[in-house]
Each structure stands twice: as C-alpha cells, then as structure tokens.
Amino acid sequence: MKFDFTTRVFEKEKIDLADTEEYIVRGGRHLFSKLPDAFAGVKQIGVIGWGSQGPAQAQNLRDSLADAGSDIRVVVGLRENSSSWKKAEAAGFTTESGTLGEMMGVVSASDIVLLLISDAAQAELYPAIFRAMRSGATLGLSHGFLLGVLKSKGEYFPNDINVIGVCPKGMGPSVRRLYEQGRTTDGAGINTSFAVEQDIDGRATDYAIGWSIALGAPFTFMTSLEMEYRSDIYGERGILLGAVHGIVESLYRRYIATGMSESDAFNNTVESVTGPISQTISHKGIRAVYESLDEAGRREFESAYSASYTPAREILQEIYDEVASDNEIRSVILAGKRLQEYPFDTIDNTPMWQVGKEVRAARTETSAPLNPFTAGVYLATMIAQIDILQDNGHVYSEIVNESVIEAVDSLNPYMHARGVSYMVDNCSTTARLGSRKWAPRLDYLLQQLAYTAVDAGEPVDAKKIAAFVAHPVHDAVEKLLEYRPSVDISVQ
C-alpha cells in the first residue's frame with residue numbers, strides 16, 4: 001500500500017525505505033510559527049479525556065500554540081465527576097480560564113475535537129459524541145479503534161465532519177517528556193503517523209500535520225485509520241509490550257534453571273533487552289546487535305533465533321488475525337465492562353521483578369551484558385512481527401515505528417527505569433489489557449517449542465539466519481535512524 005498527500009502549509013519529503021517510496025513531514029519547533037496557518041479557521045481545540053495521551057497532548061498543544069502566538073484555545077473536556085479533574089487543574093486547565101469543562105459541552109463548542117478517552121469509553125459514548133459535534137467540525141483520534149467498532153456494527157462516521165488521526169508512536173508520558181526535552185534540543189519528540197479518513201472541506205490534511213507538529217513529532221508519516229489500529233493493537237500485544245514481557249519471564253526461569261543466580265538472570269534478560277540490546281538498535285539498527293557478537297556469540301544467537309522465530313510467528317499471526325477480524329476489539333469492549341469489578345493490579349509482584357529492584361539499585365553502565373541467546377529470542381520475535389505486518393500490506397515507516405522505534409526509544413526505557421508494570425501501566429487501557437492477555441501465551445510457547453528445540457540439539461535453520469541478515473527492514477531502520485532525536489528519553 002502506498003500513501004501520498006498534499007499539504008499547503010508544510011513541506012513533504014520523499015524518502016526511500018527498502019526500495020519503496022514514502023512521504024513524510026519533518027518536525028521541529030521552528031515549524032510552530034506555521035501552526036496558525038495549519039489551523040486556519042479554528043478557534044478552539046477540545047481535548048477530551050485525561051488518560052495516557054490526554055495530559056501530554058493537551059499540554060503540548062497549548063504550549064506550542066502559545067509559542068506560535070496563536071489565540072486558539074485548548075480546552076480539556078472531562079466528565080463532571082471525573083477523578084482527573086484536579087489533575088487537569090494542576091496542569092493549568094481551569095474552569096475560570098475557560099480551558100476546562102464538562103465533556104459534551106466542550107465537544108459541542110470545539111472546532112476540532114480530539115477524542116482521547118479510553119477505547120472502551122469511545123465504544124460506549126460515540127453516538128452521544130457524534131450528536132454533540134457541530135456540522136463542519138473535525139474529529140481527531142489518536143487510535144483507529146473507533147473505526148473498528150463502527151465497522152463491526154456496520155456504521156460509519158457522520159458525513160458532515162472531518163475525521164483525522166494523529167497517532168504518537170509512544171505512550172503519553174513519553175510524548176510529554178520528550179517534548180519538554182525538546183525545549184533545549186530541537187527535534188526531540190515522539191514520531192507520529194497521521195491519517196485522513198474523511199475530508200469535507202480540504203483542510204483535514206493540514207489539521208492533522210499541524211496537530212502532529214504541535215505535539216513535537218520529529219517526523220510524521222501517513223497511514224490509514226484501519227492500518228493504524230491493526231498495527232497498533234497488534235504491536236502492543238506483540239514486541240512492544242506483551243511479547244517482550246513474555247520473553248523476559250520465560251528466559252529468566254530458563255537461566256535460573258541452568259544455574260544462574262537470580263540477579264545474573266535478571267541482568268541477562270530484562271537488563272540485557274532494555275540496556276545494550278535496545279541501545280544498539282536505537283543508535284545503529286537491528287543487524288548491529290548480531291554484528292557486535294563474536295563467533296561464539298553468533299552461534300548462540302543463531303541457535304536461539306532459529307528455534308524461536310516460528311513459535312513467535314505462530315502466536316503473532318494469531319494476534320494479527322484476531323485484530324484484523326475485530327475479535328480483539330470486541331474483547332477490549334467486554335474487558336472494559338469487567339474492569340469495573342476486577343480492576344487492574346500490578347504485574348510485577350513476582351520474585352523476578354522484586355529481584356529487579358535490587359538489580360536496578362546496584363546497576364552500573366557495564367553490569368548488563370548483551371546476552372546473545374536473549375538477543376536471538378528477542379530479535380526473532382521482532383522480525384516475526386515485522387514479517388507479518390509486511391505480508392499484510394503495511395508500509396515500512398509504520399512497520400519500523402510499531403515494531404522497532406517505539407519499542408527501543410519509548411517503551412523499553414520505562415521497563416529499564418522501574419519494571420514491567422511501569423512500562424505497561426503508563427499505556428492505554430487497550431494496551432494494558434492486550435499485554436496481560438498475550439504475554440503468558442508467548443511465554444508458554446517459547447518454553448514449550450523454542451527452548452526444548454535448543455535443548456534437544458536441533459540444528460540451526462541456515463535459511464532463517466540468512467533471511468535475517470539480508471532482511472530489507474535493516475535498510476529501512478537505518479534510514480529512519482537519520483530522523484532519530486539527538487537525545488534519549490529521560491524517564492527517571
């Protein structure tokens with residue numbers, strides 16, 4: 001699938017990714033001065049919700065528009081009895097200033113409505129939200145989930161509004177933290193994808209790109225809402241959250257069983273992934289992990305990769321099928337109802353994660369090794385995810401962001417800082433549900449199929465290794481590294 005777009009305000013740039021052409025828009029704070037033109041005719045942007053994305057997006061938009069000298073108001077809309085009301089006030093949104101109000105009132109008064117409530121809440125409230133929106137207004141989504149809900153019911157968006165998407169490739173706290181770092185390092189931020197689902201007045205594309213620029217995105221690429229929700233929901237259940245959790249849990253037990261101490265096992269699993277493996281990928285690319293190993297390390301990597309690729313791909317294919325068929329969307333809606341009785345609890349109370357607290361407290365720059373077996377399992381799963389996205393028509397910018405950049409630059413740093421709950425539970429409800437649901441499945445499959453194959457001495461599949469080394473995604477990753485912010489996210 002190929003996406004192209006026309007913008008009258010910003011400059012688009014053609015890039016070549018693994019022999020495919022795509023168009024992006026580079027970001028940067030120097031572009032804030034163009035925001036009044038991008039949002040021409042807009043007097044109020046309503047940010048609805050204060051979950052993972054709401055706080056970051058409301059504050060980034062407010063600050064960027066202020067820097068641009070714009071008089072566009074950013075108003076937060078919440079339910080009157082919302083527990084987040086005081087949090088929004090603490091961030092500077094108040095009823096006295098007219099920047100905080102009741103949800104439906106803000107919806108009806110806004111020219112652009114950014115709907116950032118939970119996916120389950122969107123599925124429940126969308127009829128009332130559609131009724132409240134003014135004809136000619138713009139609905140903005142940071143996830144295509146609502147489109148999936150509408151498709152599953154044979155419905156669609158009202159035909160008298162624009163519908164756009166701007167989807168940061170990272171959790172809300174990352175969107176805010178890197179934006180703040182960008183005050184001193186221009187270009188620091190989280191990449192986004194954008195989509196134009198419905199354009200009734202010719203302004204939708206510039207609204208979307210302007211929104212992305214205002215969030216501080218280093219670069220913005222185009223997708224569709226459907227491809228976005230497929231890759232996003234799938235990626236969260238895969239290498240971004242669920243799979244990495246399943247991988248480190250299974251490897252920790254394996255290393256303990258082979259005689260490692262608990263602290264060494266944690267260093268060789270979680271710390272290895274979130275430290276040297278992620279750092280190498282972030283700065284040099286996926287293949288650089290393999291190339292950094294000595295001959296013995298490569299043999300160990302190849303054994304783990306060869307044994308893990310097919311079991312990982314099997315479970316990842318099931319996840320993609322569940323997402324594409326809308327089964328996973330229905331699962332999230334049903335789970336949202338159960339959460340009222342069975343709320344989320346922490347997922348790092350087990351001995352492994354308690355050991356992790358001690359390991360992090362004693363951490364040094366060299367205490368975590370780049371374990372070749374861990375790297376083999378992790379990259380086999382990452383490449384399996386990439387292959388499935390490629391087979392289903394996703395463009396490389398989306399594939400790389402949803403499978404690589406978001407993992408190593410946005411999410412893994414949170415697990416590195418304080419553990420898996422800190423990573424997963426800073427994300428959306430949909431992501432938290434998916435991670436908890438699928439992590440144990442991958443954990444089990446790796447233990448039953450991959451590690452037993454290694455222990456049985458099954459030979460390495462040379463074709464899998466050759467396919468990994470020559471994979472076209474390496475060129476795409478290395479190209480997109482050119483757009484990487486010059487700073488690492490600070491999450492401590």
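In this predicted model, the side chains of Arg 287 and Glu 291 come together in a salt bridge, with 3.9 Å from N to O. The term salt bridge is used here for a side-chain nitrogen of Lys or Arg within 4 Å of a carboxyl oxygen of Asp or Glu. Both Arg 287 and Glu 291 belong to helix α13 (residues 287-291), where they sit four residues apart, about one turn of the helix. Helices are DSSP runs (H or I, at least four residues), numbered from the N terminus. Arg 287 is buried at 18% relative accessibility, whereas Glu 291 is partly exposed at 49%. Buried stands for under 20% relative accessible area and exposed for over 50%, with partly exposed in between (1.4 Å probe, protein chains only). By the salt-bridge rule, the count comes to 31.

Arg 313 pairs with Asp 387 in a salt bridge whose closest N and O atoms are 3.9 Å apart. This pair links distant parts of the chain, since Arg 313 lies in helix α14 and Asp 387 in helix α17 (residues 372-391), 74 residues apart. Arg 313 is partly exposed, at 24% relative accessible area, while Asp 387 is buried, at 11%.

Another salt bridge joins Glu 318 to Arg 441, the closest N and O atoms being 2.8 Å apart. Here too distant parts of the chain are linked: Glu 318 is in helix α14 and Arg 441 in helix α20 (residues 429-455), 123 residues apart. Glu 318 counts as partly exposed at 31% relative accessibility, and Arg 441 counts as partly exposed at 36%. Salt bridges that share partners also connect Arg 62, Asp 63, Arg 176, Glu 180 and Arg 183 into one network.

With a relative accessible area of 1%, Ser 308 is buried. A polar atom of its side chain lies 2.8 Å from the backbone oxygen of Ala 304. Leaving aside residues up to four places away in sequence, Ser 308 touches Val 377, Ala 380, Leu 446 and Ala 450; touching, or contact, means heavy atoms within 4.5 Å.

A few words on the basis of these values: residues are numbered from 1 along each chain as its sequence is written, and side-chain values use heavy atoms, leaving out hydrogens and water. As the model is predicted, local features need pLDDT of at least 70 and side-chain atom pairs count only at pLDDT 80 or more, while totals for chains, interfaces and linings use all residues.

Terms used: Polar contact = N/O pair within 3.5 Å; in protein donor to acceptor, adjacent residues only side chain to side chain. Helix = DSSP H or I, 4+ residues; strand = E, 2+ residues; numbered from the N terminus.
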